[in-house]
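Please keep the sequence and the structure at hand while reading.

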Amino acid sequence: MKKNWFTTVSLIVFCIALSACAAPNKNILTDGASPKELKKTIYIGQTNIASSINPTDSGVPWSLTSHGISENLYMLNEKGELVSRMIDELEQFDQNNWKATLKGDVFFSDGSPVNADAIVESMNRILAENSFSNSTAGKMEFTKVDEYTFNISTERPTKLMQSVLAEWTYIVFKETDEGKFIFTGPYMVNAFNAGVELKLSPNPYYPDADKRSNVVIKVFRDTNAMKLAYESGDIDMAFTITPEVAEMLEEQGFTVKNIDAGYQYFAIVNMENEPLDDLNVRSAVNEALSRNDMIQALHGGRIATGAFAQYYSFAGNLTIESNMDDAKKQMLEAGWSYNTDGFLEKNGEVLKLRLVTYASRPDLTILMQVAASQLKELGVETTTEIVDNIDTTAAKGDYDIIFYAQHTAPTGNPSFFLNQFFRTDGGKNFNHYDSEELNTILDEMGDVGNGAELDTLAVDAQSVIYKDLPVLFLVDPQWHIAVSEDLRDYQPYGGDYYIVNDQLGL
């Protein structure tokens, strides 16, 4: 009898132990390359991830750097300084030609060196395949000199090549014979499920790799679902959360980081279609939009003063005010009249505008709904739509007003955004805005370095844009990021450009 009892107990203990061993452990990645045993995996909730791993695919490079996978030749650190892990010396020959010498001690995640061949191949391929790359300096050409030296020639003059090489399109990569993309960032891809999840492990050839955890980025289309996942401990970071959620979590004792985003919320206006091809109508719409109402709805932020966050020395100095009575007056002066239902019409046609935004920035949906209400008061019928790929919609011209978010100074310099969105042939000049006055200012910006003269030109450029209204400046926002106790020392910077950085979890 004792023997049978002992045998039964032993079997129970064995089964319990076996079950424990077989149970999934959320802290260890078991599928993919080089799992780090016993070290906690960091789970991050976001509203979107990269749509692919292709470094030449439109906006994908931004996401790859944000995920800690890729790097630029120059990058901003947490102090806002431009630094380079790769370039030892950068020398300018004349206004259009530069020479760069690599340090020679940086490697891709497969252990191969970052040399001149790799830089020339990746940069020239980006310039050929990604139209968003041809911004501040126009088309560039990279040419090998020797194993760790290369030259750069530019279409347009620039004295700020460090800033140009920090522009988000110019990430360092190589493609293997099997068609796999390899990068240099602190993390590398283990598994990728587009639109759902991205699993990362430390790049073994990046300094302090043994101190880093694995990372899993999970997509939450619903910010309330992300809040519940954070509260239950299923994720260690929620990037980002709405102001209401931030307040609720703080009241519960959770840690929330509040930062100036560096982003700007603005509205792109389709100037090629009636009636927004009329400056008077654009001006009336601009005056009808109450930024105070938008900020109240967002529970934070500031009224935009131009194209840049207000902590930059080159921020605009515009005073943007709403005045519904004046907006209505402008519409009447533009030849519109009000029908018996209170809507604007001309030649028997009611004024209708199609408002569009995208889901990955939840704040924008709020702004769009506020704007729809304000435009109704002006006498405009609106439809609202949320699309998956806003850049595709914008490029097709399939909109009247797009509500858009952009980090307008990811290099710490105003030239990139202004050239990309407002130069006549800019890669993101979606509404084909064409201003000789602005192009001249942008050319002048290419002839000066950082300092007061550049700041003045940038402020002048914002004034020209506000005069013509190809976009409507809306809100200089604040963002909110919830973090677990394990990440209490984590400090986000650069908006969402460096969410997974080399300090995460160290």
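This is a predicted model: local features need pLDDT of at least 70, side-chain atom pairs count only at pLDDT 80 or more; totals for chains, interfaces and linings use all residues.

In which sense do β16 and strand β23 pair, and over how many bridges?

## The sheet and its edges

β16 and β23 (residues 471–476) pair in the antiparallel sense, over two bridges. Within this pairing, Ile303 has Val475 of β23 as its bridge partner. Both strands belong to an open sheet of six strands with mixed pairing, ordered β16-β23-β15-β22-β20-β21. The edge positions are taken by β16 (302–303) and β21 (381–387); each has a single partner strand, so one side of each lacks a neighbour in the sheet.

## Helices packed on the sheet

Helix α8 (residues 291–298) packs on the sheet and touches β15 (263–269), β16 and β23. The direction of α8 makes about 40° with that of β23. Helix α12 (residues 415–422) also packs on the sheet, where it touches β15, β22 and β23; the direction of α12 makes about 155° with that of β22.

## The largest pocket

The largest pocket holds about 940 Å³ of space. It is lined by 36 residues, of which Asn48, Ile49, Ser63, Tyr358 and Ser360 are the closest to its centre. At least two lining residues come from each of α2 (60–66), α11 (390–396) and β22 (401–407). By class, the lining comprises 15 nonpolar, 15 polar and six charged residues.

## The second largest pocket

About 440 Å³ of space lies in the second largest pocket. Its lining has 31 residues, with Leu76, Gly80, Tyr311, Tyr312 and Gly412 nearest the centre. β14 (255–260) and α14 (452–468) are the elements that contribute two or more residues to this lining. The lining of the second largest pocket divides into 15 nonpolar, 13 polar and three charged residues.

Key
Residues are numbered from 1 along each chain as its sequence is written. Side-chain values use heavy atoms; hydrogens and water are left out. On a 1 Å grid over the protein atoms alone, a cavity is a set of points where a 1.4 Å probe fits but cannot get out, and a pocket is an open set with protein on both sides within 12 Å along at least five of seven lines; lining residues have an atom within 4 Å of a point. Grid points are joined across faces, edges and corners, and a volume is the space filled by probe spheres set on the points. Helices (H or I, at least four residues) and strands (E, at least two) are DSSP runs, numbered from the N terminus. Ala, Val, Leu, Ile, Met, Phe, Trp, Tyr, Cys and Pro count as nonpolar, Asp, Glu, Lys and Arg as charged, and the others, Gly among them, as polar. Two strands pair if DSSP finds at least two bridges between them. Contact means heavy atoms within 4.5 Å. Axes are lines fitted to C-alpha atoms, for helices over the stretch in contact, and angles run from 0 to 180 degrees between N-to-C directions.
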